Amino acid sequence: MNAKEQQMMFKEMGVKIFYIGKSLDDPHRATVIFQGPENVLYDIFRNPETKPIVEASGHIYTGTKITRWIS
């Protein structure tokens, strides 16, 4: 999440990382909260065509829970 390439991509998309927390029980699990335009990241994570790009960043889809919230 903190790689320069990802940070540039997020900035171009208008997305900010609001929170990153690692699990105490499993170092391979984390909670990440993004803030940005509606559905931008949701569409990226749900699109089968972008899955290889997301996985190349180190994301593991197994166990991923994606939710959307609005204020």
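**Figure 1. β2 leads the lining of the largest pocket.** With six residues, β2 gives the largest share of that lining. This is a predicted model, so every panel here shows a prediction. The space in the largest pocket comes to about 1,500 Å³. Two or more lining residues come from each of β1 (16–22), β2 (30–35) and α2 (40–46).

**Figure 2. A closer look at the residues around the largest pocket.** In total, 39 residues line the largest pocket. Which ones lie nearest its centre? They are Val 32, Ile 33, Phe 34, Lys 65 and Thr 67. Sorted by class, the lining has 18 nonpolar residues, 15 polar ones and six charged ones. As for how such spaces turn up at all, rolling a probe the size of a water molecule over the atoms shows where empty space is left.

**Figure 3. Lys 65, one of the residues nearest the centre of the largest pocket.** Look for Lys 65 in the segment after α3. Is Lys 65 buried or exposed? Lys 65 counts as exposed because its relative accessible area is 76%, and the cut-off for exposed is over 50%. Glu 55 makes a handy landmark for this view: Lys 65 and Glu 55 sit 10 residues apart in sequence, and their C-alpha atoms are 15 Å apart in space.

Figure 4. The lining is made up of 12 residues, and Gln 6, Met 9, Ile 53, Val 54 and Ser 57 lie nearest the centre. Which helices supply at least two lining residues each? That would be α1 (4–13), α2 and α3 (51–56).

**Figure 5. Met 13 and its contacts.** Met 13 belongs to helix α1. Leaving aside residues up to four places away in sequence, Met 13 touches Pro 37, Val 40, Leu 41 and Ile 44. Take Pro 37 from that list: Met 13 and Pro 37 are 24 residues apart along the chain, yet their C-alpha atoms are separated by 7.9 Å.

**Figure 6. Asn 39, a non-glycine residue with a positive phi.** The phi of Asn 39 is about 70 degrees. Asn 39 is located in the loop that runs between β2 and α2. How much of it is open to the outside? Asn 39 counts as partly exposed because its relative accessible area is 25%, which falls between the 20% and 50% cut-offs.

**Figure 7. Stepping back to the whole chain.** The protein chain has three helices and two strands, and reading along the sequence gives α-β-β-α-α. Its C-alpha atoms fill a box of roughly 35 × 30 × 25 Å along the principal axes. What radius of gyration does the chain have? It has 12 Å, which agrees with a compact globule because one of 71 residues would have a value near 11 Å. Of the 71 residues, 14% count as buried. The accessible surface is about 6,200 Å², with 55% of it belonging to carbon and sulfur atoms. Among contacts with a separation of 6 or more, 24% join residues 24 or more positions apart.

Definitions and conventions
Residues numbered from 1 in each chain as written. Predicted model: local features only at pLDDT ≥ 70, side-chain atom pairs only at ≥ 80, totals over all residues. Heavy atoms only, no water. 1 Å grid on protein atoms, 1.4 Å probe; cavity = no way out; pocket = protein on both sides within 12 Å on 5 of 7 lines; lining within 4 Å. Points joined across faces, edges and corners; volume = space filled by probe spheres on them. Helix = DSSP H or I, 4+ residues; strand = E, 2+ residues; numbered from the N terminus. Nonpolar A, V, L, I, M, F, W, Y, C, P; charged D, E, K, R; others polar. Rg over C-alpha atoms; globule rule 2.2 N^0.38 Å. Buried < 20%, exposed > 50% of the residue type's maximum accessible area, 1.4 Å probe, protein only. Contact = heavy atoms within 4.5 Å. Areas by Shrake-Rupley, 256 points an atom, 1.4 Å probe, with all protein chains shown as cover.
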